[in-house]
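Biologist: I would like to learn how to read helix packing and a ligand site from a model. Could you take me through this one, giving the general idea before each case?

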Amino acid sequence: MGSLESFRDEVRSWLEKNCPADLRGKTRENLPRKRYDAWVRTLGSRGWAAPGWDTKYGGGGLDRARRAVLAEEMRAIRAPQPTSFGLSMLGPTILEFGTEEQKREHIPKIARHEVIWCQGYSEPGAGSDLASLQTRAVRDGDEYVVTGQKIWTSGAPQADWIFCLVRTDPDAPKHEGISFLLFPMKQQGVEVTPISLLDGSETFAQVFFDGARAKARDVIGPVNGGWTVAKRLLQHERGGSNPEGRARGTGGSRLVDLAREYVGVEDGKLADPALRERIVQYELDSQAFAITMRRAAEEARSGQTGREIATMSKYYWSELSKREQELAMHALGTRGLGRKGDGYDESELLRTRAWLRTPVNSIWGGTSEIQRNIIAKRVLNIPE
Ligand SMILES: Cc1cc2nc3c(=O)[nH]c(=O)nc-3n(C[C@H](O)[C@H](O)[C@H](O)COP(=O)(O)OP(=O)(O)OC[C@H]3O[C@@H](n4cnc5c(N)ncnc54)[C@H](O)[C@@H]3O)c2cc1C
C-alpha cells in the first residue's frame with residue numbers, strides 16, 4: 001500500500017474526473033434521483049461508497065486513515081455523501097447478523113448500489129409501538145408467503161428489494177414472534193401506492209402484500225428472533241453507533257453567509273441583532289454536537305459505544321436541523337416562500353423545500369418524544 005499522500009493524490013484526481021461541478025454542493029435530497037443513484041454507483045464501482053467494507057464484499061477495504069482522507073477530500077469539493085438504506089443501515093446489519101452466504105449474496109450489490117432497498121417497518125397500527133406489527137409471513141416449503149400492509153415506506157416506488165419485519169409466530173409474545181425478512185418488490189403480490197409529501201415529492205408509499213414470496217434463506221438472524229436485528233438496524237438509522245455510518249454533525253450550515261446576503265450588514269455586524277444571537281447560538285450548538293459525534297465515532301471504533309448514543313444523536317440532530325431551516329427562513333424573509341415560476345432562483349427554492357421537509361426529521365426512525373422516553377429510561381434512569 002502506498003503512502004497516505006499518494007492516496008490523497010489518487011482520491012483528488014479520481015474525484016476531479018468523476019465528480020462534475022453540477023454534483024458539488026448537492027445532496028441526495030436535492031438531486032434528481034437518477035443523477036444521485038448514478039453518482040453513488042460510480043463511487044461504488046471504485047469501492048468508495050462503502051470504503052471500510054472488505055473488498056471481498058465489494059467495499060474499499062480502506063483503513064481508518066485512508067477513510068479519513070477520502071472523507072476530507074469529498075468534503076473539500078462538497079461531493080454528495082453516499083447514503084442509502086442499504087449502505088447506512090442494512091449493510092452493517094447483515095455484516096453483523098448474516099451468514100457468510102447472505103453476506104456474499106447481498107453486500108456487494110449494496111456496496112455497488114446495484115440494488116435499491118426500502119424499509120418495511122411501520123404499519124397503520126404500529127409506528128412508535130413497532131412490535132405491534134401484524135404483517136404475516138407463513139412458511140411454504142423453501143419460501144415464505146407474506147400478507148399485510150406497511151406504511152410510510154420511503155423510496156418504495158423506486159426500490160428493488162425490501163427489508164421487512166414480519167410476524168412468523170402469531171402466538172408468541174409480541175417481541176418474540178417477529179422475523180427480519182428480505183424479498184424483492186417487483187413481484188406479483190406487492191402493490192405500492194405513493195403518498196405525496198408537503199414538498200411535492202412522491203418518495204413515500206403504502207405497500208400492500210397479498211401472497212408476496214420471499215426465500216426462506218433470506219431471513220436475517222434467527223426465525224422469530226428478528227426484534228434484536230430490527231433494533232440494531234434502528235441504531236444504525238439513528239446514527240452514532242456505527243463508525244461507517246453517516247458522519248452526523250451539521251456544520252457548513254452557511255447561515256452566516258445567507259443572513260449577510262439577505263439581511264445585510266451594518267457596522268460590520270448583521271443588521272438584525274436578534275437573528276445574529278440566534279445564529280451564533282445555533283452555530284455553537286452545532287459545533288458542540290459535531291465534536292460529540294466525532295468522539296462517539298472514536299469510541300465506537302474502539303468498541304466502547306456510549307449508552308444510547310444513537311438515540312441521543314438522532315434526537316439532538318433532528319431538533320438542530322429544524323432550527324437551522326427556521327433560521328434560514330427568517331434570514332430569507334419573503335424570498336424563502338418561493339414557488340417555481342415566481343421569479344425565485346434555484347437556491348431559494350431549494351431552501352424552501354428543505355424547510356418544508358425538515359419537520360419530518362423528528363418523526364422518521366422514531367419520533368423525538370420516543371427518543372426522549374428512551375433517554376429518560378435508559379440514560380437518566382427515571383422510572384416510568
Ligand atoms: C419522512 C419519514 C420517513 C419514514 N420512512 C419510513 C420508512 O422508510 N419505513 C418505515 O417503516 N417507516 C418510515 N417512517 C415512519 C416512522 O417510523 C413513523 O412515522 C414513526 O415511527 C412514528 O409512528 P407513527 O407515525 O405511527 O406515529 P404514532 O406512533 O402513532 O405517534 C403519534 C404521536 O404520538 C407520540 N407518541 C406515541 N407513543 C408515545 C409515547 N409512548 N410517549 C410519548 N409520545 C408518544 C409520537 O411521538 C407522535 O407524536 C417514516 C416517517 C417519516 C416522517
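Biologist: At what angle do the axes of helix α7 and α8 cross?

Modeller: Two packed helices are described by the angle between their axes and the distance between the axes. Here the axes of helix α7 (residues 255-263) and α8 come within 10 Å and cross at roughly 165 degrees, where axes are lines fitted to C-alpha atoms, for helices over the stretch in contact, and angles run from 0 to 180 degrees between N-to-C directions. Helices (H or I, at least four residues) and strands (E, at least two) are DSSP runs, numbered from the N terminus. The two helices α7 and α8 are therefore roughly antiparallel to each other, given that angles under 35 degrees count as roughly parallel, over 145 as roughly antiparallel, 65 to 115 as roughly perpendicular and the rest as oblique. This is a predicted model, in which local features need pLDDT of at least 70 and side-chain atom pairs count only at pLDDT 80 or more, while totals for chains, interfaces and linings use all residues. Residues are numbered from 1 along each chain as its sequence is written.

Biologist: Which hand does the crossing of α7 and α8 have, left or right?

Modeller: A crossing is left-handed if the near helix is turned anticlockwise from the far one by less than a right angle, and right-handed if clockwise. The crossing of α7 and α8 is right-handed, whereas that of α8 and α9 is left-handed. For the latter pair, α8 (residues 273-301) and α9 (residues 309-332), the axes come within 10 Å and cross at roughly 155 degrees, which makes α8 roughly antiparallel to α9.

Biologist: How are α4 and α6 placed relative to each other?

Modeller: Helix α4 (residues 85-97) and helix α6 (residues 226-238) pack at about 135 degrees, with their axes 9 Å apart, and α4 and α6 are therefore oblique to each other. The crossing in which α4 passes α6 is right-handed.

Biologist: Turning to the ligand, which residues come nearest?

Modeller: A residue is near a molecule if its C-beta atom, placed from the backbone, lies within 6 Å of it. Of the 18 residues around the ligand, Y121, G127, S128, T367 and E369 come nearest, and the elements giving two or more residues to this shell are β1 (117-120) and α11.

Biologist: Why does the ligand lie between two domains?

Modeller: Domain bounds come from an automatic or database domain assignment. Because domain 2 (117-230) and domain 3 (239-379) both give residues to the shell around the ligand, the ligand lies between them.
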